[in-house]
Amino acid sequence: MALSILINGSRGRMGVALADAARELGLTVGATVDAGDDLAAGIARSDVIVDFSSHQATKAVLDLAIARRKPVIIGTTGHSAEAKKQLLALAAQVPCVWAGNFSVGVNLLFALTQRAAHVLDASYDAEVIEMHHRFKKDAPSGTAARLIEIILEERKLQPDALRHGREGITGERSSREVGVHSLRGGDVVGDHTVVFAALGERLELTHKASDRAIFARGALRAAQWVVTQKPGVYDMQDVLGLR
């Protein structure tokens with residue numbers, strides 16, 4: 001029996017890309033839902049939920065997924081740290097892949113960043129730079145947020161080590177801070193660079209996306225994978241076997 005996929009946020013950029021990618025891959029879209037539509041009815045007709053709607057809709061999506069025992073893919077970003085913590089506890093009740101970025105290349109960037117942050121000590125200053133189209137509503141991006149998390153975890157730093165841009169007389173840079181810079185303009189799909197800069201050398205890890213289809217294909221790959229998993233929260237590192 002063919003897997004039936006629900007696309008939530010179907011009229012958004014990612015929703016359209018998901019529908020196109022599903023046709024390209026020969027996958028069945030059982031329902032498409034957006035704001036104002038009957039989400040419960042769509043979930044009832046589908047085997048797996050792929051949600052790229054709004055962070056404000058995540059709890060409703062998870063509540064229905066739990067009630068219907070349906071696996072879910074969460075690709076929305078912009079949740080506060082406290083809200084995400086509560087939502088992850090809910091998501092663990094069903095098979096769930098939650099990721100800020102579903103690109104295969106970006107998830108390799110995550111793995112490389114973790115390795116670099118582990119090998120390079122605090123004498124290598126870490127900075128994250130991201131750029132997206134002018135229409136993006138949240139900053140930093142979900143991908144940049146995950147890159148930051150990785151660096152903080154590897155360096156055993158707290159969230160207050162973050163510096164969101166710099167202005168004025170900031171003084172010398174501390175070795176116990178991580179800078180993050182969000183650029184917005186034009187139609188940029190998504191660029192991310194992690195910089196490790198020491199005295200005498202600099203390592204830069206960069207990923208540039210030119211087509212939103214890469215995220216859609218990755219999310220659909222995750223949807224095919226998650227339906228065979230036990231309840232719990234996974235990410236694309238699990239889907240791709242990068243752990």
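Arg173 counts as partly exposed, because its relative accessibility is 26%; the label covers values between buried (under 20% relative accessible area) and exposed (over 50%), found with a 1.4 Å probe and protein chains only. This is a predicted model, in which local features need pLDDT of at least 70 and side-chain atom pairs count only at pLDDT 80 or more, while totals for chains, interfaces and linings use all residues. Residues are numbered from 1 along each chain as its sequence is written, and side-chain values use heavy atoms, with hydrogens and water left out.

The side chain of Arg173 meets that of Asp125 in a salt bridge, 3.2 Å from N to O. A salt bridge here is a side-chain nitrogen of Lys or Arg within 4 Å of a carboxyl oxygen of Asp or Glu. Arg173 sits in the loop between β7 and β8 (178-184) and Asp125 in strand β6 (residues 125-132), so the pair ties together parts that are 48 residues apart in sequence. Strands (E, at least two residues) and helices (H or I, at least four) are DSSP runs, numbered from the N terminus. Asp125 is partly exposed too, with a relative accessible area of 24%.

Arg163 forms a salt bridge with Glu177, with 4.0 Å between the closest N and O atoms. Arg163 belongs to strand β7 and Glu177 to the loop between β7 and β8, so this pair ties together parts that are 14 residues apart in sequence. Arg163 is partly exposed at 32% relative accessibility, whereas Glu177 is buried at 8%.

Asp125, Glu127, Arg163, Arg166, Arg173 and Glu177 are linked in a network of salt bridges. Across the whole structure, a search finds 14 salt bridges.

## The largest pocket

The largest pocket has a volume of about 1000 Å³. Of its 39 lining residues, the closest to the centre are Lys84, Gly142, Ala145, Arg146 and Glu149. Helix α6 gives the largest share of the lining, eight residues.

A pocket is an open set of points on a 1 Å grid over the protein atoms alone, where a 1.4 Å probe fits, with protein on both sides within 12 Å along at least five of seven lines; lining residues have an atom within 4 Å of a point. Grid points are joined across faces, edges and corners, and the volume is the space filled by probe spheres set on them.

## A buried asparagine

Asn8 lies in strand β1 (residues 4-8) and counts as buried at 5% relative accessibility.
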